[in-house]
Amino acid sequence: MMVSDDLLNRVHTLTDHELAWLSGYCWARLQNTALLSGSDSAQPLPIVHPESATAVVTRQVLILSGSQTGNARRIAEQLHEQLQDLHANLRLENLGDYKARQLAEEDIVLVVCSTQGEGDYPEEAISFAKFLFGKRAPDLSQLSFAVLALGDSSYPLYCEAGRQLDQRFAELGATRLFERIDCDLSYEAEAAQWRQNIRGVLHEQLTLRHAPSVGASSSPVAASAPSYTKGKPFTATLVTKQKITARTANKNVQHLEIDLGDSGISYQPGDALGVYVQNTPDIVQAFLDALPFTGEETVQLGTGLELTLQDALSQHLELTQNSAVMVKKWAELSQNSELLQCITEPTALDTLARHTPLLALIQRYPAAALSAQAWVDFLRPLTPRMYSIASSQAEVGPEVHLTLGLVQYTHENQPYAGAASAYLGLQLEEGDELEVFVEPNPRFRLPPDPSTPIIMIGSGTGIAPFRAFMQQREADEASGGAWLIFGNQRFTDDFLYQSEWQRWHKLGLLQHTHFAWSRQNPNVKTYVQHRVQEQGATLWQWLQQGAHVYVCGDANHMAKDVEAALIALIQTHGALDSGDAEAYLDQLRDERRYQRDVY
């Protein structure tokens, strides 16, 4: 058969890798033609490796994410997509599902990990971190790695979880592919650059494949991407806003019902709702009054967006959260001698940051000759607030319910409120619109078998996901027992969703309830960990019967105290020493029988 000069000329322009792909394609077509013709004489043709006579070894690339609010998971997914054309076996897993003991067998590991609260690991990364820092940590000298750390620079232990993982991989002998990058709240640009850098490094080590085959990645791919995401939120309508604490209560807790309309948004009990908030006009005006600007000045955000200073303050910049880092930055900008002295004394710095609103700080220590752009560069980005969903769609349909605890306080006789509290709790009215998205939380799920007993432990607004759990259990006609251990200030003022819990108890869906009211008795402060301790024997029996334990609420105090109480009861009633009791609880965590939604 004669081959045209035009075809030959086209072939001569192909690269080596394109020629290799074309060779394989033509071979497959020929094999398929022979089979379809029914020829008995058709014999398999030899595979030619154009690069060399030596077989090419496919490298293994594992991408791991440790996420609390979904940001780390999204970056890992984007990296996984970005590396699809590499000649490699790509895998994408979250740290909660990954079997850490396999780490010694890995080749290239790329980790994206956030930091939770005061330097803690996200829930799904706790077991992995314990293994990596434990006695059975493996030799990783055969492994190459890179880490992207996410965090919040307002916390002293900024990006601590990612920093520790990066250091530990190196201590165990692994080779660093690329220096760790630490990302703050506005992480998108830095994360994108890190992904590109990683791809460049791997490009030097791995062969690009121009026609990735189906199944080249072992990671499951969702059937369809959600229509609305953090980057593309849905404009929903607030249909109900109701205060659910008593008029005499110290706390103002509101129940919000949000209409999702025909968006098609779905969620599961345990998921979170992200809400984009705005700074209210009064706080924006208060800042403008403290600055020598009208608000009409043109400024630029880190993303490159140009807008007026007033719009930036209203929609894009955090005005209500102070921190030691912000105080230090302001001391350097203002060059106030008193403030510069304060930041040299850790105790004084911490006290000032904790008890002084950001607005009060700049009013007390004004700075001269700062441009409008300098103000924008000083302030942190305003990020969406995440709330545990307080409803099940089996009960409420195309709605989503939230339990909002308002943050309100006074400083030097001036009232202040958190950004979300002021926007959602004080400004928005029923009928107003707001932008929302669902953030899945696969590490906080009801057991798949409705006959499995559940133990729910929480305080304050931490009761929200348990309301969703019970709505779902009622819809499923669950036969498994349910136990609520709930704490708040006063029974008379702060028993959130009281009538609903009483109803579930009457229906037999809720077998046990124990409450801890910290201010009901002025002489004794009772917290949920005390109830856990008191009910240790029965709780141990439920654990032996396969119960799942859920904890929701404050991460820094309540959750840690409850975990200590659980370890103590396991030690006492399981006749184990402290190490074995902790290992038992870790096993429950690995089996997803111990799950936490803490913040």
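**Loops and a sheet**

Analyst: Gln321 is partly exposed, with a relative accessible area of 35%; buried means under 20%, exposed over 50%, and partly exposed in between (1.4 Å probe, protein chains only). This is a predicted model, in which local features need pLDDT of at least 70 and side-chain atom pairs count only at pLDDT 80 or more, while totals for chains, interfaces and linings use all residues. Residues are numbered from 1 along each chain as its sequence is written, and side-chain values use heavy atoms, with hydrogens and water left out.

User: With which side chain does the side chain of Gln321 make a polar contact?

Analyst: Gln321 lies in the loop between helix 8 (309-315) and helix 9 (324-334); helices (H or I, at least four residues) and strands (E, at least two) are DSSP runs, numbered from the N terminus. Leaving out residues up to four places away in sequence, Gln321 touches Leu358, Arg380 and Arg385, where contact means heavy atoms within 4.5 Å. A polar contact is a pair of N or O atoms within 3.5 Å; within protein, one must be able to donate a hydrogen and the other to accept it, and residues adjacent in sequence count only if both atoms are side-chain atoms. At 3.5 Å, the partner side chain is that of Arg380.

User: Is Ser67 buried or exposed?

Analyst: Ser67 is found in the loop between strand 1 (59-66) and helix 3 (71-82). Its side chain reaches the backbone nitrogen of Asn71 at 3.5 Å. Ser67 also touches Ala72, Arg73, Ser114, Pro122 and Glu124, residues up to four places away in sequence not being counted. Because its relative accessibility is 7%, Ser67 counts as buried.

User: Which strands are the edge strands of the open sheet of six strands?

Analyst: The open sheet has the order 12-9-16-7-8-13, with antiparallel pairing; two strands pair if DSSP finds at least two bridges between them. Each edge strand pairs on one side only, and these are strand 12 and strand 13 (399-405).

User: Which residue in strand 16 stands opposite Tyr276?

Analyst: Strand 9 (residues 272-276) has four of its five residues buried. It pairs with strand 12 (residues 385-388) over four bridges in the antiparallel sense. Five bridges join strand 9 to strand 16 (residues 433-439), again antiparallel. Opposite Tyr276 stands Glu435.

User: In strand 8, what is the bridge partner of Thr240?

Analyst: Strand 7 (residues 234-243) and strand 8 (residues 253-259) are antiparallel and share six bridges. Thr240 has as its bridge partner Glu257.
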